[in-house]
Amino acid sequence: KVVSVIMVGGPTKGTRFRPLSFNTPKPLIPLAGQPMIHHPISACKKISNLAQIFLIGFYEEREFALYVSSISNELKIPVRYLKEDKPHGSAGALYHFRDRIMEEKPSHVFLLNCDVCCSFPLQGILDAHRRYGGIGTMLVIKVSAEAASQFGELIADPDTKELLHYTEKPETFVSDLINCGVYVFTSDIFNAIEGVYSQIRDTSSNYQSATRSVPADFVRLDQDILSPLAGKKQLYTYENKDFWEQIKTPGKSLKCSALYLSQFRQTSPHLLASGDGTNRRPMIIGDVYIHPSAKLHQTAKIGPNVSISANVRVGPGARLINCIILDDVEIKDNAVVINSIIGWKSSIGRWSRVQASGDYNERLGITILGEAVTVEDEVAVIGSIVLQNKTLNVSVQDDIIL
Ligand code: GDD
C-alpha cells in the first residue's frame, strides 16, 4: 500500500493571490476548470495500491470540507483534510500527523507541494525509488540558470542519481537542477525528522540558535532534512522530462491553466470544448474548458486558453482570450476579456474591455477582478487588480482598486 500527502499550507501563504484568496484558499482556485489540487490528486489516483490521500494545512477545516467529500466520492478514494493548529513547516507538518499517515502501514508515502503544476509522474518516481533504495526520491528538473535561484538547487550523481548536494534558494549559483516539490519516502523519513527534533531539543549542541532562524518546533523539509541527508546514499533524484511550473502568482496560474488544458488533449480530450459558431455553440479556438452549466451565445468567440466555470453567461459578440472565468460571472454583449482572471459573480458590461497591460508573456502581469465586481458598460480595466464588491463606472489602467 502507498499513501499520498499534499501540503496545502495556510492563509498567510496566499497573500500574492489576493483578492482571489480572500474567499477561496489558494489550493482550491480553479486551473483548467478544476481546483489547483485536483490535478495532483487525479495523478495520485493512478498509482497502484493507493490507500488514502491526506491534505495537510492550517486553513480552517470548513474551507476544505466540501471539496474533500466530493472528491472522495468522485475518485472512490478517501481524501482527508488534516488541520495543523499552527504551521509546523513542511517536514514538521508531515511528522505531526505521522500516526494518521502510517495508520494503514503503507510501504511508501508520496509528498507533494500543492503549488506546483506538472504531469506528476508518480509511478515513475516510485519505480525508480525501488531501484535506488534509500529513504526517498525527489522529482527534479533542469531550468535556466537565472530561474534556478528561486528554488532548491541540487547536484546529483549522473550515474547513480544520488542526491550529492542540496541548497535551498542559494544566493550564489550552485546548479540549474532544481527540486520540483514532489517526493516519495519510506517510513524512515519520520526517523529523520525525529532526529532533527532531538537535535533541536539538545540545547547543549546550540544547534537551534546557531543554525536555525525559525521556531524550535518548525522543521523544513529542504533546509533541515534534504541538505543534511545529501551525499549519504539516502536520497535520490528522478528527472522530470515533461512540463513543470511553480504556481506562486495569479499570472503563473493562468499559464498553468494553459499547461493543464493542453495536457487534457492527451489525457481527457472530452473535457475540451469544440464549436464553430453554428448549432448554438460559440466559436472555439485552441484549448478551452467550459463547464456544462455555462451558457454561451453562439456569436461569442472563445480561446485559446480559456476556462469557464459553473453558471457563467457569455453574451453575443463577446471575445475571451487567455483567461479564467470563475463561477456565476456574466459577460455581456461585445465585451472583451484578455489575459485576466474574473472572480465569482462578477459582471462585465456591454462593449467593456478587461485585459492585462503591455506584454503578458514578458511579466505574466494580468488583470484580476475579485468576487462580485461590476464593470459597467463601455469601461476599460487594463492591467489592474480590483478588490471584491467594487463597481467600476470609469476606465482604469495599471491601478489597484481597493
Ligand atoms: N501544512 C503545511 N504546514 N504546509 C506547509 C507549511 C506548513 O507549515 N509550510 C509550507 N507548506 C507547504 C506549502 O503550501 C507548499 O505547498 C510546500 O509546503 C512548500 O512550501 P515552502 O516550504 O514555502 O517552499 P517553496 O514553495 O518556496 O519551495 C519549495 O518548493 C519548490 C518547488 O515548488 C522548496 O522545496 C523548493 O526547493 C522547491 O524548488
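In this predicted model, the ligand is surrounded by 29 residues. Those closest to the ligand are Glu84, Glu168, Asn179, Asp222 and Lys248.

**Polar contacts and cover of the ligand**

- The side chain of Tyr166 places a polar atom 2.8 Å from an oxygen atom of the ligand.
- A polar backbone atom of Ile56 lies 3.0 Å from a nitrogen atom of the ligand.
- A polar backbone atom of Cys114 lies 3.2 Å from an oxygen atom of the ligand.
- On its own the ligand has 740 Å² of accessible area, of which the protein covers 92%.
- Two or more residues of the shell come from each of strand E1 (2–9), strand E4 (50–57), helix H3 (90–96), strand E10 (163–168), strand E11 (177–185) and strand E13 (244–246).

**Helix H2 and its packing**

- Helix H2 spans residues 61–75, and its 15 residues reach 20 Å from the first C-alpha to the last, close to the 21 Å expected at 1.5 Å a residue.
- Within H2, the buried residues are Phe64, Tyr67, Val68, Ile71, Ser72 and Leu75.
- An α-helix has 3.6 residues a turn, so residues three or four places apart point the same way.
- The cover over the buried residues of H2 includes E1, strand E3 (34–35), helix H1 (38–45), E4 and strand E5 (79–83).
- Lys76 follows H2 and has a positive phi, near 55°.

Conventions
Residues numbered from 1 in each chain as written. Predicted model: local features only at pLDDT ≥ 70, side-chain atom pairs only at ≥ 80, totals over all residues. Heavy atoms only, no water. Near = heavy atom within 4 Å. Polar contact = N/O pair within 3.5 Å; in protein donor to acceptor, adjacent residues only side chain to side chain. Areas by Shrake-Rupley, 256 points an atom, 1.4 Å probe, with all protein chains shown as cover. Helix = DSSP H or I, 4+ residues; strand = E, 2+ residues; numbered from the N terminus. Expected span 1.5 Å × (residues − 1). Buried < 20%, exposed > 50% of the residue type's maximum accessible area, 1.4 Å probe, protein only. Contact = heavy atoms within 4.5 Å.
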